[in-house]
Amino acid sequence: MYKLEMQDISYHYPSSQSRSAGIDHISLQIPAGEFCCLLGPSGCGKSTLLNVLAGLNHPQSGRLLIDGLVVNGPGLNRAVVFQHYSLFPWLTARQNIVFGIRQSGQLKDRREQQRLASHYLEKTGLSHAADQYPGSLSGGMQQRVAIARALAMNADILLMDEPFGALDPRTRAELQLLLSRLCQAQQKTVVFVTHHINEALLLADRVMIMSPQQLATILPVTLARPRHPETLLADPAYPTLRRQLLSLFYHQVADELSEDASL
Amino acid sequence: MKYGYSLVTGLYLLAISVVWLVPASRSLDSPLAYLSLLSLIELAFLISYARHHQKSSLLLIWDILSRLNLTHPVLLPPPENVFHVFITQRRLMIQGVISSLKLLAAGTGLALITGVALGLPVGWIPRLRQVVLPIANCLSPIPPLVYTPYVVAVMPSFKAASIFVIFCAVFWPTFQNMAYRAGNIDRRIIQSAQVMAVSTPGMLFKVILPYCLPGIMASLNGSIRVALLCLTGAELLGASSGLGYFVKKYSDYADYTKVIAGIILMGAVVTLLISLLRRLQQVLVRWQDN
Ligand SMILES: Nc1ncnc2c1ncn2[C@@H]1O[C@H](COP(=O)(O)OP(=O)(O)OP(=O)(O)O)[C@@H](O)[C@H]1O
Ligand SMILES: [Mg+2]
């Protein structure tokens, strides 16, 4: 039985005129504890797919199953980090995280809730900004609050849409390490959208590459864990995988380029 | 600023010396209240460094004019007498302020609660919005002042009438603002709440309400003035206490000293109320200024 399963799911935006927006007949199975990275060109439907998994987009056909049961909406077994950070602007960074913790219902005691929030604020390097409102935080800081909120909710499944997109390289590396450790330790099932091949290779057990509306390829990443940016380079399997991904990822672009010049 | 300061203090001293030195040509009440008001203004200025000299000089001109007998004794009474009213009539005035504020609080509170409670679902549920909003858009632009006399005449008691008028002044802006903002709430905020499995009451009161609060406060800021306008209007027509009643009663007796005192009191109450509201707004929607 899979943790997360999509059976022949199609979703098209009702507001959109063109049939080319959305996703078309996608099936996919993700076992418990697997870290899945989703790669693909902009506008191919990655966020759409993630919103289907989150239960926000109700598919016109096909079924979504979690632990073998059909699911029709959002639930606390999934925590989501959106591409837009979408914090509540009327709550401070800390209050936003506490809101998530309260919703998740894991801790009843208020002091415990605050402690957990402080823990994740510290982990994401936000202790100094804990009492600021989102309006006065930078994009990267808001993104980190959203990540902290999702992690603190302690869901089995993490759905993350370019969660490190607005971060500087150093913070990004720190949070990659944090996420990778946390998911290893707690056996979380993750679907993680990214534009970075290196990031996908660092984090993923499997990489899925999307072409418009479809899943094009699924590639297992068999690099040894724990992975680290430096040790990864030393792994003999790394260059081959990277080249493979690059050629898959830039498939169309590479085809066009090869016609007029050899690069 | 230094120049302004010396000007104000100069005016203050001048005003005091005028009171003591220029012989009065008609009978006056005790100048105590007037002098203490002058001192209060001077003190307020010293503390805040605000531009109070305009008020002070206005008072001085008024004082000098009436002292030199240049003004009509009944229509523009001397300032000593006007401010002395605040001492002699303080019971009635305080009573008036309290009864007016009570009505205002009742009407505004009722309007806020129903405006929010009805505006929330109307804005949130598309079908309800399509039905209700056109009707609301048709009813809401009628200024409450227009039907105030009618309501006062029709309602069983003055209390009910004035609460109703205040209610109308505050309800429509609150309701419309609420419905509009709840209908146009950022979809991403709703999604963010949905994935955290926020229940329907939670969605209404923990998400949509705080999201709409700045709009409610902003509309209240405007509508409370209209409400005060309507209330005093209603009080002129048929009250037995209140700020408007105070003015109306003495203008019937042509006692313009007390009428002017009543008007000044009204101005002070309105100013105080609005600045209080602004403070409340700053505290409640602190997050928005960032
Ligand atoms: N709310 C919406 N209504 C209508 N069409 C939409 C909506 N959201 C996305 N689309 C369309 O669906 C397609 C896929 O969008 P999606 O946001 O899933 O892309 P993406 O792969 O996440 O891109 P990016 O990498 O830029 O985030 C696009 O063509 C987009 O125009
Ligand atoms: Mg996207």
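A polar side-chain atom of A:T48 lies 2.5 Å from an oxygen atom of ligand 1, a polar contact in the sense of a pair of N or O atoms within 3.5 Å. The model you are looking at is predicted, so local features need pLDDT of at least 70 and side-chain atom pairs count only at pLDDT 80 or more, while totals for chains, interfaces and linings use all residues. Residues are numbered from 1 along each chain as its sequence is written, chains are lettered from A and ligands numbered from 1 in the order in which they are written, and side-chain values use heavy atoms, leaving out hydrogens and water.

Let's stay with the ligand for a moment. The backbone takes part too: an N or O atom of A:G45 lies 3.0 Å from an oxygen atom of ligand 1, and one of A:C44 lies 3.3 Å from an oxygen atom of ligand 1. On its own, ligand 1 has 630 Å² of accessible area, of which the protein covers 68% (Shrake-Rupley method, 1.4 Å probe). Around ligand 1 are 15 residues, and A:S42, A:G43, A:K46, A:S47 and A:T48 come nearest (a residue is near if one of its heavy atoms lies within 4 Å). This shell divides into 3 nonpolar, 10 polar and 2 charged residues, with Gly counted among the polar ones.

Now follow the chain into its sheets. One is an open sheet of 4 strands in chain A, ordered 2-1-4-5 with antiparallel pairing. Strands are DSSP runs of E with at least two residues, and helices are runs of H or I with at least four; two strands pair if DSSP finds at least two bridges between them. Strand 2 (23-30) and strand 5 (69-70) of chain A each have a single partner strand, so one side of each has no neighbour in the sheet. Helix 1 (residues 46-54) of chain A packs on this sheet, touching strand 1 (4-11), strand 2 and strand 4 (contact means heavy atoms within 4.5 Å).

The other sheet to visit is open as well, with 6 strands of chain A in the order 6-7-8-3-9-10 and mixed pairing. Strand 6 (78-81) and strand 10 (214-220) of chain A stand at its edges. Strand 3 (residues 35-39) and strand 8 (residues 189-193) of chain A run parallel, joined by 4 bridges; A:C37 has A:F192 in strand 8 as its bridge partner. Helix 5 (residues 169-186) of chain A packs on this sheet, touching strand 3, strand 7 and strand 8.

Terms used
Axes fitted to C-alpha atoms, helices over the stretch in contact; angles between N-to-C directions. Polar contact = N/O pair within 3.5 Å; in protein donor to acceptor, adjacent residues only side chain to side chain.
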